[in-house]
Protein chains: 2
Amino acid sequence: MPGLDEFSLIARLFAPLAARHPGALGLTDDAALIAGPAGRQWAVTADAMVEGVHFLPDDPPELIARKLVRVNLSDLAAMGAKPFAVLLASCFPLGVADEWLERFAAGLKSDCEEFSIALIGGDTVATPGPLTLALTAIGDVPAESALLRSNARSGDDIWVSGSIGDAAFGLLVGQGKAASLDPADAQWLLGRYRLPLPRTALGPALLGLAHAAMDISDGLVGDLGHICETSGVGALVDAAKVPLSAAVRAALAAGLGGIERVLAGGDDYELLFTAAPDAAQSVAALGRALGLRLTAIGRIIEGQGVRVTGADGRTLSLAGGGYRHFGG
Amino acid sequence: MPGLDEFSLIARLFAPLAARHPGALGLTDDAALIAGPAGRQWAVTADAMVEGVHFLPDDPPELIARKLVRVNLSDLAAMGAKPFAVLLASCFPLGVADEWLERFAAGLKSDCEEFSIALIGGDTVATPGPLTLALTAIGDVPAESALLRSNARSGDDIWVSGSIGDAAFGLLVGQGKAASLDPADAQWLLGRYRLPLPRTALGPALLGLAHAAMDISDGLVGDLGHICETSGVGALVDAAKVPLSAAVRAALAAGLGGIERVLAGGDDYELLFTAAPDAAQSVAALGRALGLRLTAIGRIIEGQGVRVTGADGRTLSLAGGGYRHFGG
């Protein structure tokens, strides 16, 4: 199966094809930037989801549609862009039921309304394989203002929105591996896995305030590693400061996983961003204004790589860094 | 499997989600239109291809990549837009070989260079199913000038570029069902199926000259039906005028199929357009300038539906109209 090596190969093979357009950002950011009307740019992103890989076969169709929309809107939010349109390429399996399609479309409609976006195009084909969906999302950002992964600076605080690790434990719930959890906690975690909440208000509000930003899809440490790599810096994270939900605290207490599941688990779709220390009060005020928890968890330093310090002051060892959807 | 009913259902379910954005064109055109810099619009299209449905499992990886690019550029050409960027969402099967990926990337690179486009983003995931690819292509068109399917007018001539039916017979070759053909003809037809030539020069040159346009992906008669439906008109086609390649003439003579395979077969990716009769000389001159055969095959009339007249003057009956990838 495609493992880390193959994905590195693909990145190496595809990156030269981006050289012709500066807005491709070397294929290392959450979205590409193309020219918009005067003073604006469009951020464009495309993400694919495959049944059995990115969602569970018996997930409700409404939630599959909404997750697809949301993971893409999360990419736009990470650039500070406000979404306005999506295109959907859907490959529906042979034998798909009318009721399933109706529920899928209802989920799509619900999120188009919730986020004030339109479905402007796409393609519908049949597949002999698993349900496969690719969404392209387009958002609006003031010209030359988009938040890039490559803009972290030594001395910056590292911030995250919301709570981290919820989706990684939610996946365990979905896989039936969390029977010992309180049912209310289990349902809440499963919801966080199935239906991420893209930070569409936070992203645009961070323009001019944050330096670098991205969304956490592959795991906090792995994604922070991407910021470090593209910015040419290192990062120190204090594990004790990483914000945890009550449900994740309960899951940790129940022995369903350790802190490494929090730090390396994927699919949270919270925003990870860096900002100068003198912006800390403004960031905190923004969090209060949005009713969204924003937590400083560490600092950008000179050097490279991500070092996470545990409660005892020792460096945690996280094999492999980020979570990869394809295992391996 | 999803058949005609399910695809109608999807169209019915998805169309309301387009209402919020006029550039979605009700999801009935080849691409959507969004605002570009002053005086320009971007045409955006997304198409998916699935192994075993849109290409054959043992097709050369270079050609799969290039076909994917070209079917999307063909959609842009049909709107009169000049392509500049693509995003690729690729779902590679478990076990894909490095050499396969390298050849796929080489094909992509070749067409990025040939058509002066950049790969600006996308996503790469693993799939337990067949190779599945979704490409989003973005092109540039002068504002308010794009060629639409809905703009055919009674009295217009109906034109096609190139020759029709090549890909439908090429598919037979690929399926090993054309052993009686001359090998040179067979190879040429197979090439037309595997590697369409998007009419990227013709499309933009038709701005201000053509009324309605689209590309022929689902078959001449079926696609002309789409123009008639969205324009609220009917069409008369003279089968004897439909331009045939020497190889298709040979295939017809060899009894590999009838004229209905020419008229209803898909995947030619030629442009189908309508223009006022007084533009005929300009259209002919354009064809000479581009070195591209442009042929008037009929006329738009008041009413509805497509009527094809055979050599004997009788109306041909074409069951089902257009070819559908997903079978019936």
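Two residues are in contact if their C-beta atoms, placed from the backbone, lie within 7 Å. The model is predicted: local features need pLDDT of at least 70, side-chain atom pairs count only at pLDDT 80 or more, and totals for chains, interfaces and linings use all residues. Residues are numbered from 1 along each chain as its sequence is written, while chains are lettered from A and ligands numbered from 1 in the order in which they are written.

**Exercise 1.** Describe the side of chain A that touches chain B.

*Solution.* Begin with the totals: chain A and chain B contribute 64 residues each to the contact. Next, consider the elements, where helices (H or I, at least four residues) and strands (E, at least two) are DSSP runs, numbered from the N terminus. Those giving two or more residues on the side of chain A include α1 (4-14), α3 (98-114) and β4 (118-127). The most comes from β4(A), with 10 residues. Finally, sort this side by class: 43 residues are nonpolar, 14 polar and seven charged. Here Ala, Val, Leu, Ile, Met, Phe, Trp, Tyr, Cys and Pro count as nonpolar, Asp, Glu, Lys and Arg as charged, and the others, Gly among them, as polar.

**Exercise 2.** Describe how domain 1 of chain A meets domain 2 of chain A.

*Solution.* First, locate the domains: domain 1 spans 25-142 and domain 2 spans 149-309 of chain A, with bounds from an automatic or database domain assignment. Their C-alpha centres lie 22 Å apart. Then count the contacts: 22 residues of domain 1 meet 20 residues of domain 2. On the domain 1 side, α2 (61-79) and β3 (82-93) of chain A each supply at least two residues, and α2(A) gives the most, with 11 residues. By class, this side of domain 1 holds 11 nonpolar, three polar and eight charged residues.
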